[in-house]
Amino acid sequence: MIDLKVLRENPELVKNSQSARNESGELVDQLIILDEKRRVAISNYEQKRAEQNLASKQVAAAKGEEKEKLLVETKALSALVKEAEAIKDQCENDFQDQFKLLHNLIDLDAPVGGEADFKEIELVGKPRDFKGEGFEPKDHVELGKILKAIDVERGTKVSGSRFYYLTGPGAMLEFALVNYAITSAAKAGFIPMIPPVLVKPHAMEGTGFLGQAAENVFHLEKDEFYLVGTSEVPLAAYHRDEILDNLPIRYVGYSSCFRREAGTYGKDTRGIIRVHQFDKVEMFSYCAPEDSKSEHLKLLQWEKEFLNAMEIPYRVIDVASGDLGASAARKFDCEAWIPTQGTYREVTSTSNCTEFQARRLNIKYKSSDGNKFAATLNGTLVAIPRMIVAILENHQQKDGSVILPKALVPFMGTDRLTPA
């Protein structure tokens, strides 16, 4: 959630942010009304409580008939206090329920608009001229069959659409990608983590995934668990209700991720680009708010270094305000070139969530002038299926083999995948 002081003192700033996200500005007006109602209810309760405390002291000092009279008055006052407390609690709940619907304030440097209004920041590498090389590139599904690396048919047979098996060299390629990513992150000072993938509501809500993104979350209602769509969730909740020291603190988590992909029916139905379950290596950082912009650029640089090591053409985009998600103030995506689609597709992303998540999870840090809410940032180092797609399609050869990036050779024990 945002700083309540900002909402009270600069509601137009909050409205403008909501508008840039294509979200309701009316929510801001409602919150102002609910906040005032809540403050009046709190004041009324505190006044009644003070009167009750004073009456209690008078009862203790009184005697005889005067004491009996005061006891009757105190009993009536006690009922008024309980009533005032109930009103206060209801007003607080009404306000908090709506306050949680308010999205983070966008960074004023983020481009304004919808999904298509991103700003291209950087273009790295040049797509191969397969026609000039004398052959038509195969897509990752066909290559996966030839190499016996991906089995979509049996994934569908066992679990339904948008599931798959990584087999043989496909499975080994995942292990290589994960090992390279974790090793690289650890060398950069990240603490490796394998977090839980089942979390309680407070973790999902605290990271902002039960609002706008709730339709894509798998919920196990009987046990009141949520399956995470990213290890960002358990990594953010790891320090819930804690006061941190010696920032920045950086973690790199490896986990399976689960997404319903609601609203995407008919999109990317072929292959493993958009699936319900996948593995991912995620960076997560806690830092002081004033350092969050520079930290954001560091996460982006680590993502770029990983993609450079994969020897894949890609571009970096500054995501537009309407496509940020509830928690992010600004987001950069790295999109790899996919030859058979003739376009760039997102493979990594990094978001600066400022203090939004920390306020919801009550995560503070020690500063020279007291404890303050930390800033949180996240960045995907490698989303396995999409990276496999990019590697297979960009590094394929005419005979159906795939030359591996040099960075993965030590982990694979070979420099090439060959048809089985």
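**Rings, charges and a helix crossing**

User: Over which ring does the charged end of Lys 364 sit, and how far from its centre?

Analyst: A charge sits over a ring if NZ of Lys or CZ of Arg is within 6 Å of the ring centre and within 35 degrees of the ring normal. The charged end of Lys 364 meets this over Phe 373, at a distance from the ring centre of 4.9 Å.

User: What kind of model is this, and how are residues numbered?

Analyst: Residues are numbered from 1 along each chain as its sequence is written, and side-chain values use heavy atoms, with hydrogens and water left out. Local features need pLDDT of at least 70, side-chain atom pairs count only at pLDDT 80 or more, and totals for chains, interfaces and linings use all residues, since the model is predicted.

User: Which ring lies under the charged end of Lys 200?

Analyst: The charged end of Lys 200 is placed 4.1 Å from the centre of the ring it sits over. That ring belongs to Phe 225.

User: How is the aromatic pair of Tyr 180 and Phe 306 classed?

Analyst: Rings of Phe, Tyr and Trp (its six-membered ring) pair if their centres lie within 6.5 Å; planes under 30 degrees apart are stacked, over 60 edge-to-face and the rest tilted. Tyr 180 and Phe 306 have centres 5.6 Å apart and planes at 50°. Tyr 180 is in helix H8 and Phe 306 in helix H11, 126 residues apart (helices are DSSP runs of H or I, at least four residues, numbered from the N terminus). The class is tilted.

User: Is Phe 306 buried or exposed?

Analyst: Buried means under 20% relative accessible area, exposed over 50%, partly exposed in between, with a 1.4 Å probe and protein chains only. Phe 306 has 3%, so Phe 306 is buried.

User: How is Asn 308 classed by accessibility?

Analyst: Asn 308 lies in helix H11 (residues 292–309). Its relative accessibility is 40%, so the class is partly exposed.

How values were computed:
Helix = DSSP H or I, 4+ residues; strand = E, 2+ residues; numbered from the N terminus.
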